[in-house]
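Subject: Handing over the structure, with notes

Dear colleague,

I am passing this structure on to you, together with my notes on what was found in it. Please look at the structure and then read on.

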Amino acid sequence: MTGDHVPPRPMAAWVWWLAGTLAEPPLRLLLRRRLARGKEHPDRLGERRGRATLARPPGRLLWLHAASVGETVSVLPLLEALCRVDPALHVLMTTGSLTSQRLLAQRLPGLGDQGLGGRVLHQFVPLDVPRWLHRFLRHWQPQAVALVESELWPNLILAVRKREVPLVLINARMSERSDRAWRRLPSLSGALLRRFTWITARSEEDASRLRALGAPEVDTPGDLKHAAPVLPVDEAELERVRYAVAGRPVLLAACTHEGEEAVVAQAHARLRSRHPGLLTIVAPRHPERGAGIAAALGGAPRRALEQLPAPAHEFWICDTLGELGLLYRLCGIAFLGNSLPQARAHGGGGGHNPFEPARLGCLVATGPLTSNFNAAFQALDGVEAVTVTAGADAIADWADAMLRDPLLRTQRAEAARSIATQASGLPDQLAGRLLALMDDRG
């Protein structure tokens, strides 16, 4: 399939177009409500309606869209590779969440030899309303568009292809739940997937589901989340924190979701008699929950308030953004959240990327819900470098064993590190394919 051929729209796509058009007034109200709840940027709300707040730079422009934090982190090495290979290229990076925008603002200046702040332009992605998307595309006029993971918005896809702009889906994810939903709309799913010039899936399981839904060209070069560099750290701050917790056994609960902190607290209560002075660090996935977690854990100190744990503190709440690199280096063991049934009860579940701690020599345990990162967890399980825990007792038993046997912990951590660094060439490979796509368009 080339960028010059655009298949006709099926009836389901016309229905979606009409629904998106009619939804414009209520979506304006939704955006105002999200703004009132602090979920939208007060000075950039117009971007969600396709109104640009930046000028389009001259020359070639690639539009790269990642929905939220996980996808944004995964494409940072790809952004660096793209800008290194083509010094004249600009990338329009869109996301859908405030957290991902803040992460980009924090990380872009440190990427590449001179930072990518001037080469990568961020905008919030417009909602899937035809008029708003037309306004957005008319301003930015990208030479190619790459969507990340599972962003299958029908009006967006159709608007891009109507302009005969090459469109690809990278690191594609099709969960079992999404697969069931799209199978109920076979004509729409097939029509959308056939509009992609090519698709790279993160695993063969995802690729098989996409092919069954009608995607004509899918390959599996690897998972970008397995190819990321190690998370950054402020070395001076790391030394300051190490001094504050020196001599104490430490357990990290990383990327926790609502309901999981209570389980972690129960595990801590079982551990502290076996490991006097135990400090449990809780780093919630959503930092805005920090105050509530601190209150529930007896007024624990919070990093967002620049508080460090004193010897009498049993918990420390790290409710800041972009500091997992510090925490994984600080702690030898980490329980990864969004993986317990309690998270699913609050709309979560599916796990978090275990390769991030593994690259830094931090050994991982997880709950049983790991569907978002099955391939990564299976790879680590193959070298006995991850442990599945079902609740507080299991978390406590695992942490106890690892704290008592640092040699075993180090051996397993090294095995995990070797697995987690195998896909380091993938960003350059994908950068080459994307730039070739733009070259073909001229």
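The notes below go through the sheet, the helices around it and the ring contacts.

Please keep in mind throughout that this is a predicted model.

The sheet

The model holds an open sheet of 7 strands, whose order is β3-β2-β1-β4-β5-β6-β7 and whose pairing is parallel. Strands β3 (120-124) and β7 (218-219) stand at the edges, each with a single partner strand, so one side of each is left without a neighbour in the sheet.

For strand β2 (residues 90-95), 6 of the 6 residues are buried, so the strand is largely enclosed by the rest of the structure. His90, Leu92 and Thr94 point one way from β2, while Val91, Met93 and Thr95 point the other way, and all are buried.

Helix α9 (residues 204-212) lies across β5 (167-172), β6 and β7, and runs at about 145 degrees to β6.

How much of helix α6 (residues 154-162) is covered? This helix is mostly covered, with 8 of its 9 residues buried, namely Pro154, Asn155, Leu156, Ile157, Leu158, Ala159, Val160 and Arg161. The buried residues of α6 pack against α1, β1, α5, β4 (144-148), β5 and α8 (186-193), and α6 is followed by glutamate 164, whose phi is positive, near 60 degrees.

For helix α11 (residues 260-271), the length can be checked against expectation: at 1.5 Å a residue its 12 residues should span 16 Å, and the end C-alpha atoms are 17 Å apart, which agrees. The buried residues in α11 include Glu260 and Glu261, as well as Val263, Val264, Ala265, Ala267, His268 and Leu271.

Aromatic rings

The count of aromatic pairs comes to 2. Tryptophan 14 and tryptophan 17 form an edge-to-face pair, at 6.3 Å centre to centre and with 70 degrees between the planes. Both lie in helix α1 (residues 11-22), 3 residues apart, which is about one turn of the helix. Tryptophan 14 is partly exposed, with a relative accessible area of 44%, and tryptophan 17 is also partly exposed, with a relative accessible area of 34%.

The rings of tryptophan 63 and phenylalanine 136 have their centres 4.7 Å apart and their planes at 50 degrees, so this pair is tilted. Tryptophan 63 lies in strand β1 (residues 61-65) and phenylalanine 136 in helix α5 (residues 130-140), so the pair ties together parts that are 73 residues apart in sequence. Are these two residues buried or exposed? Tryptophan 63 is buried, with a relative accessible area of 1%, and phenylalanine 136 is buried as well, with a relative accessible area of 3%.

One further ring contact involves a charge: the charged end of arginine 433 sits over the ring of tryptophan 198, 4.0 Å from its centre.

With best regards

Notes: Residues numbered from 1 in each chain as written. Predicted model: local features only at pLDDT ≥ 70, side-chain atom pairs only at ≥ 80, totals over all residues. Heavy atoms only, no water. Pairing = 2+ DSSP bridges. Helix = DSSP H or I, 4+ residues; strand = E, 2+ residues; numbered from the N terminus. Contact = heavy atoms within 4.5 Å. Axes fitted to C-alpha atoms, helices over the stretch in contact; angles between N-to-C directions. Phe/Tyr/Trp six-rings, centres within 6.5 Å; stacked < 30°, edge-to-face > 60°. Buried < 20%, exposed > 50% of the residue type's maximum accessible area, 1.4 Å probe, protein only. Lys NZ or Arg CZ within 6 Å of the ring centre and 35° of its normal. Expected span 1.5 Å × (residues − 1).
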